Amino acid sequence: MRLIIVSGRSGSGKSTALDALEDNGFYCIDNLPAGLLPSLNELALMHTELLHPLVAVSIDARNLPSHLQRFPDLLAEVRARHIRCDVIYLDADDDTLLKRFSETRRRHPLTSDTRSLAEAIRDERVLLSPIVDLADLTIDTTNLNLYQLRDTLKLRLLDQPEPGTAFLFESFGFKRGMPVDADVVFDVRCLPNPYWKPDLRGFSGLDQPVAEYLAAQPDVEEMYQDLLAYLSKWLPRFAASNRAYVTVAIGCTGGHHRSVYLANRLGETLKPILKNVQIRHRDLP
């Protein structure tokens, strides 16, 4: 059995995540009482015809606070039964969550006559802290639309060629903010920028003209070799510590040229060593 536990604050995209998992063959349960987690294997076998079912459940602030406090023990009990289990936590910044609720008719589950929406969003973070601390993968949905979130979930959860730590090499532009879910971040804005070459500006770091230009720059090659040496040594140690997901983020100004080139080159070079390597370019169109 493979189990994915989806959690996160209200408005962060949990329903979209469950829909995406259901489309990919998972039996999905929304708002599962956390106390039922240890018996979920037997329940899944009763409701599916598969000997090794794929199950995804949502556990969030609609649970009893006492059940959420027990989540670490409940999760440990599930894993003691040798069930492959991933805990995924979705979140967004407070302003984004406020905006999402203001644009819908949905009521936040923690609001009341004495608790405003802003207070409910703040309190929910505290209520879910036992799950946050144990999340294998955290996804910031602040700047993701529905389709981008579905693509991200598919990339991180479903496109793993074999078991083990899944390493994501992600390029990004600092002008759109640094990825909050990154584990390791490198700033490559000190390198020569193809943007200032009019004949290269319209290309990306995936295109041959930009790649050839950057490969010919001594500083770029020196940066690449230094990063490769560091990552070759330390990423296998992340894997040895039983981390399920590791994100290496490489940023330049706009996220179109230097970071794309280096993220792509490093990811492709390290694939034979790390096995589960995924590459994503956050800010490319």
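**Helix packing, term by term**

Tutor: Helices α1 and α8 are oblique to each other. This is a predicted model, in which local features need pLDDT of at least 70, side-chain atom pairs count only at pLDDT 80 or more, and totals for chains, interfaces and linings use all residues. Residues are numbered from 1 along each chain as its sequence is written, and side-chain values use heavy atoms, with hydrogens and water left out.

Student: Why are α1 and α8 called oblique?

Tutor: The axes of α1 (residues 14-23) and α8 (residues 146-158) cross at roughly 55°. Angles under 35 degrees count as roughly parallel, over 145 as roughly antiparallel, 65 to 115 as roughly perpendicular and the rest as oblique. The pair α1 and α8 is therefore oblique.

Student: What makes the contact of α1 with α8, by class?

Tutor: It has 8 nonpolar, 1 polar and 3 charged residues. Ala, Val, Leu, Ile, Met, Phe, Trp, Tyr, Cys and Pro count as nonpolar, Asp, Glu, Lys and Arg as charged, and the others, Gly among them, as polar.

Student: Why are α5 and α6 oblique to each other?

Tutor: Helix α5 (residues 94-102) and helix α6 (residues 117-127) pack at an angle of about 130°, and they are therefore oblique.

Student: Which residues of helix α9 are buried?

Tutor: In α9 (residues 208-215), V210, Y213 and L214 are buried, that is, under 20% relative accessible area.

Student: Why do the buried residues line one face of α9?

Tutor: Seen down the axis of α9, they fall within an arc of 95°, so they line one face.

Methods: Axes fitted to C-alpha atoms, helices over the stretch in contact; angles between N-to-C directions. Helix = DSSP H or I, 4+ residues; strand = E, 2+ residues; numbered from the N terminus. Buried < 20%, exposed > 50% of the residue type's maximum accessible area, 1.4 Å probe, protein only. Arc of directions from axis to C-beta.
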